[in-house]
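We will go stop by stop.

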Amino acid sequence: MADHGTEGHGVTPQPVQGFEEAPFGRSPGSEPRRRNRRKAILLALLLLLLLAALYGTWYFLNYNRLPIPRLGGAEEEIVPPEYVFSIAGPQGADALTRPVGVAVSQNDDVFATDTKSGVIRVFDTEGRYQRSFSAIQDAESPTLLRPAHIAINQANELFVSDRRLRAIFVFDLAGNYLRKITLAGEESKTWSPLGMGFDGDGNLYVTDVGDTENHRIIVFSPDGKEIRRFGETGQAEQMSQFPGQFYFPNGVVMAEDGRLFVGDSDNRRVQVFDSNGEFSYFIRTAGIPRGLVIDDQQRLYVVDALGHMIDIYTLDGGKITSFGGPGSGPGQFRYANDVALDRNMRIYVTDRDNHQVQVWQWPAPVIVIPQPPDTLNEWLLCLSPLLLIPPLLLLARRRVFAVTPDFVDELVALGKVPQMDRRRFKWVTPEHLWPKFDGRVEEGIDLGKLVREQAHSESDARDMMNRLEISHEDAVLLVVAKRARTLCTEDERIATLSYELGVEALDARHFIEQFEKKEREGKTPGPGE
């Protein structure tokens, strides 16, 4: 059996009971029934769409127009902020690189953390570069090492969290170092401060993600003494799970009425607490919430790092609007992280992987939109194009395969490597196995380009190791396979484990048989087929 690089790491794999042979080619669970249901639903949707088209044709022939609702009255709609310009700094050594945190002073200075260079860059509100600073009086380092977030208090002091130095460093607005804030005793070596915010009394609220078991909020007095702490680690599968528990909390901001808003990043929600630190309610977010800020109209801005955009809510959680989107062009983000406002209500957003701070502002005009349809028939006609979405998604989907080198070795021996190179196939492999494909060309196919390396969740891998008593490399492979839903391997033990996890396993023989059968039928096999 070919080695796919997952053994020899001191963990003895446990046998899986219930199979005399590896379940290659078997569909886990009730996949055939689900497949038949999908076909029936698709057919029903196509029939409904045909009926809508026939009705539209009949209506046009009788009334000489399509049955589309006429425009009625108008109502106002919130127009999202619009892009103004970006701040990237000068060319050369002072260029802004991988900014994470941003803050704007009342003196119109824009401060941004340059995480690659370990400095604070300062610009004016028109984007002109002013200066940089990083010097601190600390025994561990003479300068900042990995500055993350920035916050400015009512006394015009600048607070910078540094995760590598595990402390918060305080400067005046000219960049002169003032003091350091950290925890007492051994905790000073394990905590990792990140987001920061202040209440009306000047108390500092800090999100701490250093100890895996104690993701929490720590509150310091204005002179840097700890007042209290609350929260612990909790990984929620649903938004309503584990109120008051966090999984990598990030941004934190206090409203005028004392409500505390915390971006609970990896739980994909914002948690809201009262002035005493008691949980109040959740705000559902679309992606991973990072930086937070509240404007003078009591609108909450939430940076969505996963969606590469900024969502705006009421303080009660009602969605108002969004702006941004993924990309490298003007008004597009690559991992936005933090947000700040100046006194003129301009919005500053760190655009980490585009190496800039983007500046946005609210436009004055509003737009006019039509009223909704009045009758049931009008509603049906307006919504009928939505029936196209499910069949189009089914037609456009690509089947994803997690693959190991031994599977490819077997295809090479059979002369069937070209079977992998199909437009609707996507091949992925764990990061530790990808070098075995990089630079390898078989039968004219560059496997390093065909097979993509797939990142994984380390916490999921550790959980898989403990649950199945397998090696780390095996666990990573199964995590990637579970996400792909199909695993292509010649390893019978791994195939059996994947089946137990609900993942279809194919060896080269079953892959070829399945593919050629579907090819004869004129279609590409879907997941579980």
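Begin with leucine 43, which sits in helix 1 (residues 31–63). Helices here are DSSP runs of H or I with at least four residues, strands are E runs of at least two, and both are numbered from the N terminus.

This is a predicted model: local features need pLDDT of at least 70, side-chain atom pairs count only at pLDDT 80 or more, and totals for chains, interfaces and linings use all residues. Residues are numbered from 1 along each chain as its sequence is written, and side-chain values use heavy atoms, leaving out hydrogens and water.

Is leucine 43 buried or exposed? Leucine 43 counts as exposed because its relative accessibility is 52%; the cut-offs are over 50% for exposed, under 20% for buried and partly exposed in between (1.4 Å probe, protein chains only).

Next, select tryptophan 427. Contact means heavy atoms within 4.5 Å. Not counting residues up to four places away in sequence, Trp427 touches residues including Phe401, Met420, Leu450 and Arg452.

Now move to helix 8 (residues 492–500). Its buried residues are Ile494, Ala495, Thr496, Leu497, Ser498 and Tyr499. What covers them? Among the covering elements are helix 6 (458–468), helix 7 (472–484), strand 34 (486–488) and strand 35 (504–506).

Check both ends of helix 8. At its start, a side-chain oxygen of aspartate 491 comes to within 3.0 Å of the backbone nitrogen of arginine 493. Just after helix 8, select glycine 502: its phi is positive, about 85 degrees.

Note on methods. Polar contact = N/O pair within 3.5 Å; in protein donor to acceptor, adjacent residues only side chain to side chain.
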